[in-house]
Amino acid sequence: MSAFVPGSQQRYLRACMVCSIVQTHNRFLREGCPNCEGFLNLVNSTEAVQECTSQVFEGLVTLADPSTSWVARWQRLEGCVGGVYAVKVVGTLPEEVRQAIEDAGAKYTPRDGTADDDEG
């Protein structure tokens with residue numbers, strides 16, 4: 001499936017608050033997040049899409065091969081699928097979603113540009 005979004009649909013773009021991939025609201029609803037679906041469970045859940053994605057994001061980068069890209073390393077996207085990603089995503093995940101991420105063995109790092117004080 002193509003990731004092309006016509007201009008008339010760009011107002012429906014949202015970014016995943018966990019991995020920052022950018023897709024339309026309907027694509028998140030229909031297919032979920034290609035990187036995070038295992039713990040976000042966005043498919044067919046308008047509420048989950050609203051809680052775990054954001055319409056407020058800045059900058060876009062396109063990654064063809066995240067495994068070899070320095071931009072992927074800079075944006076902490078190693079292991080993610082190729083696609084369009086936001087540089088910064090504004091929003092706060094609900095605590096139960098953060099817990100689900102942790103329970104899945106993944107590490108959540110906010111994509112809003114704030115430093116994670118637990119590191120270091």
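**A walk through the predicted model**

User: Is W70 buried or exposed in this model?
Analyst: W70 has a relative accessible area of 59%, where buried means under 20%, exposed over 50% and partly exposed in between, with a 1.4 Å probe and protein chains only. The model is predicted, so local features need pLDDT of at least 70 and side-chain atom pairs pLDDT 80 or more, while totals for chains, interfaces and linings use all residues. Residues are numbered from 1 along each chain as its sequence is written, and side-chain values use heavy atoms, leaving out hydrogens and water. Because its value is over the 50% cut-off, W70 is exposed.

User: What kind of aromatic pair do W70 and W74 form?
Analyst: Rings of Phe, Tyr and Trp (its six-membered ring) pair if their centres lie within 6.5 Å, and planes under 30 degrees apart count as stacked, over 60 as edge-to-face and the rest as tilted. By this rule there is one aromatic pair. Its rings, from W70 and W74, lie 6.3 Å apart centre to centre with 40 degrees between the planes, so the pair is tilted.

User: Which helix holds both W70 and W74?
Analyst: Helices (H or I, at least four residues) and strands (E, at least two) are DSSP runs, numbered from the N terminus, and the chain has five of each. W70 and W74 are four residues apart, about one turn of the helix, and both lie in helix 4.

User: How much of the chain counts as buried?
Analyst: The chain has 120 residues, and its elements run β-β-α-α-α-β-β-α-β-α from the N terminus on. The share of residues that count as buried is 41%.
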